[in-house]
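Please work through the following exercises with the sequence and the model at hand. Each task is followed by a stepwise solution.

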Protein chains: 2
Amino acid sequence: VSFGQNQYMAVIEQGHATLTLTSALRDTNWVTVRWSNGHDSPFHYVWLRDNCGCAECRHVIAGERMSDPASIPLDLIATDVVTVDDSLLVTWPDAHRSSFSAQWLAAHAYDSVSRARSRRPLQLWNAADVAEAPPTAQFDEVMSDDTALLEWLLRLQTYGFTIVRGMGSSPGNVPMLAKRIAFLRDSNFGQVWEVRSEPKPDSLAYTSVKLTAHTDLVSREAQPGVQFLHCMVNEAQGGESILVDGFAVAEALRQQNLEAWQTLIRVPAAFRYQNDDTDVCASFPVIRLDHRNEYFEVRYSNALLAPLDCDRDDVLPFYAAYQAFSLLLREPRFEYSFRLEAGDCEVFDNRRVMHGRQAFDPNTGRRHLQGCYVDTDDFLSRIRVLQRQSDFRLR
Amino acid sequence: VSFGQNQYMAVIEQGHATLTLTSALRDTNWVTVRWSNGHDSPFHYVWLRDNCGCAECRHVIAGERMSDPASIPLDLIATDVVTVDDSLLVTWPDAHRSSFSAQWLAAHAYDSVSRARSRRPLQLWNAADVAEAPPTAQFDEVMSDDTALLEWLLRLQTYGFTIVRGMGSSPGNVPMLAKRIAFLRDSNFGQVWEVRSEPKPDSLAYTSVKLTAHTDLVSREAQPGVQFLHCMVNEAQGGESILVDGFAVAEALRQQNLEAWQTLIRVPAAFRYQNDDTDVCASFPVIRLDHRNEYFEVRYSNALLAPLDCDRDDVLPFYAAYQAFSLLLREPRFEYSFRLEAGDCEVFDNRRVMHGRQAFDPNTGRRHLQGCYVDTDDFLSRIRVLQRQSDFRLR
């Protein structure tokens, strides 16, 4: 079985299913594949050899690589390439053969045009864009139907938040909803935590003061990805919820104050959280880009900003940029303000959409939210697995 | 109580306890503090005002900032600075006053000399340095004594690994040991996982094949920090354990092949793990530096290397650099090879020290390890909290 494809390599990746192979030409360092839309993608020989999915190169059950990437000659050239049945078949000098489907190649092409096409589908928003019809989902539908689950997750990915309705007031419902995606992300606050005014709070969240828009767990290297806040009771005066699209604010900053934006993606801010049993700190820029220079995350919390650990020449530029970002994100055009009712759950990308609340008066009635987190890795994993299952159903 | 210090600001940070304040001079943008060793540290006015620890600026119980960093004028100048009782007292134009202890200022000074002094205490090693007397700890001592716990964690931080002896063969002991540090880091493999040869493995770890040295969960954005592998039974032939100091290998690469090192800190590698219910991927450089340009982590696994998502011009340089690193880390001088006996637990910084094993023959006897993870944030947090408690005991 030295000529075939690993089981997981057969998955059709979204958005690439329609391209077919027209031709494959050998060049010095790569094969040039021409697609049905006329576009060319190069695939280096060493890259193709390294990604061979045959049973010799990858463990048939575990799916992991058994071959050694270090053993591939960097000047490797295929002895033959041919397209058959919409697959690229490659023969190597040692007679080893590799097969790649058009879909798999299209999904993994790394020329700049192909990479630009596979950007994440983010829809940045101002308050006015979402206030009348915020993205929502129904608890019972998401719990019982995988298609509804996938649609909800894609909406959450696009907008960075959704409101899930019909959750009731049962304390177990929010971890149940979160586990539709994956296991919970734990922290020093526990897997599931209660947001209400407490006599001895170890976080401002557990008081009744106003919380300016922020991201959670900024003092940890990996901020949790998806945050769930389930409103079980909300009878107090005040306490309106605030959501702000941090990527929209970052992009507005870039357009009106490029110097501040460049400072915030470069100079590390510092954040620290301490209680009697915990002392965590992290130094990362307030705005981070990923390896494709797309927005990766926003990390922002006045409450936990700590003494900077940066070059002394960066201190004043940092504060100038931090203040510019702070003032921008408080502008009413960015603040989506609304009242969570009992049974509503706000679910948001904690690394993109900042959340806050107005002060409330705990003497006027009870206010009790229950929250938990799921990491971004597992959120994206659930989307991929649901899409894979959906693709298989469609065949 | 507008003149004071937050409870957590009183903590003496390690290594800074001996410096005292000699003088404080106002400059245009900062106060220059002179220390008892003759060294000067600047502290910007805006930085000092932002870090005021008084009861008005920080919540007295939660310890979090109540003041607004965006409200500080960037051209702020103190009206008076004075040193009293080894503290810096600052009076601001609005009559607000701030107090900072010498220890706190020394711990947070951000001039280049002070930052260099507070580097992490890492001791890079080759196999010969540790083979005769690897860093160890005793299970019962670590479990029962906080001083032994702190000493073990500091040793683990310095060398990136330790062997904990006397763990017996009870399956609950490894999570019990890990929870001396903090809650467990969960993943798709569960909080506690069993390493043994299985008929339907969803990872090469669960076969009997050789595992070249690697880091775990490379396909996740945050690789787990501290890994525990408790050997409960080891009666099979083969299966010797391998540990390699990834920072030592990275440093050796930098010295003998700077171009490869520069490629590995810049070009993102890609890793992906898939089973029937999981599909996680991550693109990050193999060697990462932190905001101080110190080694942050190594991310390396042949088994999970995935199709690169980088510029096409970086493909060949990446493979050349990856191969150079791969060949270097396999050199015997770096491979600390030893046999885990029942009752031993190897505990290592998964983001620094790569681990592997020789192939074993499951027909010759049982081999069963139990493992779990704790994140780096919580590992460092436990060290800080234990040091804080130790400081309080010493007063």
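**Exercise 1: the sheet of chain B**

Six strands of chain B form an open sheet with mixed pairing, in the order 7-8-19-11-22-9. The model is predicted: local features need pLDDT of at least 70, side-chain atom pairs count only at pLDDT 80 or more, and totals for chains, interfaces and linings use all residues. Residues are numbered from 1 along each chain as its sequence is written, chains are lettered from A and ligands numbered from 1 in the order in which they are written, and side-chain values use heavy atoms, with hydrogens and water left out.

Task: Which strands of chain B are the edge strands?

Solution.
1. Strands (E, at least two residues) and helices (H or I, at least four) are DSSP runs, numbered from the N terminus; two strands pair if DSSP finds at least two bridges between them.
2. Strand 7 (136–138) and strand 9 (193–195) of chain B each pair on one side only, and are the edge strands.
3. Strand 8 (residues 161–165) and strand 19 (residues 345–349) of chain B run antiparallel, joined by four bridges.
4. Within this pair, B:Phe161 stands opposite B:Phe348.

**Exercise 2: two helices of chain A**

Task: At what angle do helix 8 and helix 10 of chain A pack?

Solution.
1. Axes are lines fitted to C-alpha atoms, for helices over the stretch in contact (heavy atoms within 4.5 Å); angles run from 0 to 180 degrees between N-to-C directions.
2. Helix 8 (residues 246–256) and helix 10 (residues 315–329) of chain A pack at about 125°, with their axes 10 Å apart.
3. Residues meeting across this contact include A:Leu253 of helix 8 and A:Phe325 of helix 10.
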